2 protein chains.
Amino acid sequence: MSLRFDTVTVIGVGLLGGSLGLALRERELAGRIRGVGHRRSSLEAALQRGAIDAAHEDLAEGVADADLIVVCTPAATALAQLAEIRAHCRADAVVTDVASTKSRICAAGRALWPAPSRFVGSHPMAGSEKFGPEHAVATLYEGSVTFVEPPADHDPDAYAIVRGLWEALGSRTVEIAPDDHDAVVARTSHIPHIAAACLALLAAEQPGARAAAGGGFRDTTRVAAGRPEIWRDICLTNAESIGAGLQALSKLIAEAADAIGRGDATALEAFFERAGEARRQVTEK
Amino acid sequence: MSLRFDTVTVIGVGLLGGSLGLALRERELAGRIRGVGHRRSSLEAALQRGAIDAAHEDLAEGVADADLIVVCTPAATALAQLAEIRAHCRADAVVTDVASTKSRICAAGRALWPAPSRFVGSHPMAGSEKFGPEHAVATLYEGSVTFVEPPADHDPDAYAIVRGLWEALGSRTVEIAPDDHDAVVARTSHIPHIAAACLALLAAEQPGARAAAGGGFRDTTRVAAGRPEIWRDICLTNAESIGAGLQALSKLIAEAADAIGRGDATALEAFFERAGEARRQVTEK
C-alpha cells in the first residue's frame, strides 16, 4: 500500500501534532497540512517549524476539505471535538486521534460515524515530558508502539489507512480493545504519573529536600514534569480504571507501611524482592 | 591535611564497600585494605577486583589492627555490628559508616564510643540500583554529596579524618543532624523507592502490561530494581519518618482520587500544575 494524502488536518499542534506534521512532510505523505488550534502562538510556532502549511482557529473550516484528520488535542478536548468534526468533515474523510485513553473516544467515534465507520481510534506511545510545537521532531513516532482499536464495524480501507499511517511513520501497530487499553495504560502510565506527582508534592513540603534529591528522585518523578492539561484530561476520560488502580496502589502502600510499623524484616525483604521481580517482568523486552 | 591510612577495614564488600576499596587504592590512601564479609563469593570477587588485599569472615579479626574502619553493610546490620567493632577495634581507630539512615546508627555510635568519640556517621549519596563488588568502580563517590553528622562530642581529629576521607574521594560533605537527615531522605529517597516498588507490583498484576510499559514506566520504577536487603534495612531503621511520609503520600493519592471521582477538571489541572512546580523546585540545581 502506498500512502499519500492530498490534505491532512492536524487538530492540536503541540508536541504530538507538530511532530506528526513534520513526519508527514519529511516522508512526503501529504500534499498540504492544515493545523487547527485555539492558541495563535502555537499555530505560529507550528508554521515557523514547517509542521503545518496553513493555520486555522476555526475547527469547521480546518477540517472541511481534508482526506485525513488526526485529532491531537488532550483526551477530553478530543472527545468534545468529535461531533463538530463529524458535522463538517467530508463523508469520505478518514479520522483518527492520538489520545492516551481510548474507551470513551472510540465509543463516541462508533456513535458518530455510521458503519462502515471511518473513525479509527489510535494511541501512539510516543512523547515525553516536553510539550509544545517548539519540541516537535519528525522522528517522534519512529520505533514507538501505536495501539489501534481492533477492526469491528470499520470501513476496511479507512482501517488500513490508519494502521498504514502509523507504520509509515516508523511505529509498530498493536490491536487492543479500548477497555483493555485503558486498564493497561492506567497501571503502566496514568497511575505512575499520579504517584510521581504526589511524590514531588511530598518532597517539596520537606525543608532541605533539594540538597538530598539525587538521580533516583529525578528519575522517579520525571513524568511529573508533563503538561497539566494532558494529564487532567487523561484522568477525566479514564476515571474508572485509574480510580480502581489508585485504590489498589493505596492498599499496597498500606501493606508496606504495616510491615514497617511492626518491624517485620522478613515481610519487608519479601516485598522488595517481589517488587524487583515484578519490575523485571514488566520491563524486560 | 594529607590523608594516609596504614590499614583500612571495609565491612561489607558490595557496591559501596568495593568501590571504596578501589577508590582508596587508586588514590593511594591506604597501605592495606582489609575486607570483611559473610559471603565467601563476595569476598573472592572483591579480592579479584583488587578492591581489598585481604578477606576476613571474622569481624573481630578484620578490624583488629585498622586505623580506619568503614561500615558498608545494610543499615540494620551496620547497627548490629557496632558493638562488636567497638569491642575489638583499636582505641584510636576512626570509625564511620555509609548507611542511608543515620538517627539510630549515630545514637548507637555516641552510646558506644566514649567522648571524645571516634565514631562519626556519614552517608555518601552514591550508588545505583546495581549491587555487588562486580559493579564496584573507583569513581563511585566522585561528584556525590556525603552527609556527615554535625560535630558534637566527637574527637576533632577523627571528625576531620572522616570529612577528609569523603572529600579525598571527590565527594562534597554536608553537615546535617541525624534526625533531619532521616526525615529528608525519607521523602526524597525512601518513600519514592517504596512507591516505585508498589507501582511495579501494581503493573505486574495487569495482563498486557509489558507491551504498554514505556520509558516513563522504566524511569518511574527504576529504583525498584535495588537490593532488597538494603531497602529492608532502611525501612527497619527509619520506620518513623517513612511511616509518617507514607501516610502523607496516601493522603495526597486520596485527594487526587477524589478529584478524579467527581470529575473535577479545575482541581485536577491545579494538582498537576502544583506537582510540576514542586518537582522543579526540588530538582533544580
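The model is predicted. In it, 76 residues of chain B are in contact with 76 residues of chain A. Chain A is divided into domain 1 (5–176) and domain 2 (180–283).

**Chain B side of the interface**
- Helices α7, α8 (209–212), α9 (215–221), α10 (228–237), α11 (239–261) and α12 (265–283) of chain B each supply at least two residues to the side that touches chain A.
- α7(B) gives the most, with 20 residues.
- By class, this side of chain B has 48 nonpolar, 16 polar and twelve charged residues.

**Helix α12(A) against helix α7(B)**
- Helix α12 (residues 265–283) of chain A packs on helix α7 (residues 178–204) of chain B at an angle of about 55°.
- Their axes are 8 Å apart.
- The two helices are therefore oblique to each other.
- Their crossing is left-handed.
- From α12(A), the contact residues include A:Phe271, A:Phe272, A:Arg274 and A:Arg279.
- From α7(B), the contact uses B:Ala197, B:Ala200, B:Leu201, B:Ala203 and B:Ala204.
- The residues of this contact divide into ten nonpolar, one polar and two charged.

**Domains of chain A**
- The centres of domain 1 and domain 2 of chain A, taken over C-alpha atoms, are separated by 31 Å.
- Their contact takes 15 residues from domain 1 and 17 residues from domain 2.
- On the domain 1 side, α4 (75–88) and α5 (103–112) of chain A are the elements that give two or more residues.
- α4(A) provides the largest share of that side, four residues.
- By class, the domain 1 side has seven nonpolar, five polar and three charged residues.

Notes
Residues are numbered from 1 along each chain as its sequence is written. Chains are lettered from A and ligands numbered from 1 in the order in which they are written. This is a predicted model: local features need pLDDT of at least 70, side-chain atom pairs count only at pLDDT 80 or more; totals for chains, interfaces and linings use all residues. Axes are lines fitted to C-alpha atoms, for helices over the stretch in contact, and angles run from 0 to 180 degrees between N-to-C directions. Angles under 35 degrees count as roughly parallel, over 145 as roughly antiparallel, 65 to 115 as roughly perpendicular and the rest as oblique. A crossing is left-handed if the near helix is turned anticlockwise from the far one by less than a right angle, and right-handed if clockwise. Two residues are in contact if their C-beta atoms, placed from the backbone, lie within 7 Å. Ala, Val, Leu, Ile, Met, Phe, Trp, Tyr, Cys and Pro count as nonpolar, Asp, Glu, Lys and Arg as charged, and the others, Gly among them, as polar. Domain bounds come from an automatic or database domain assignment.
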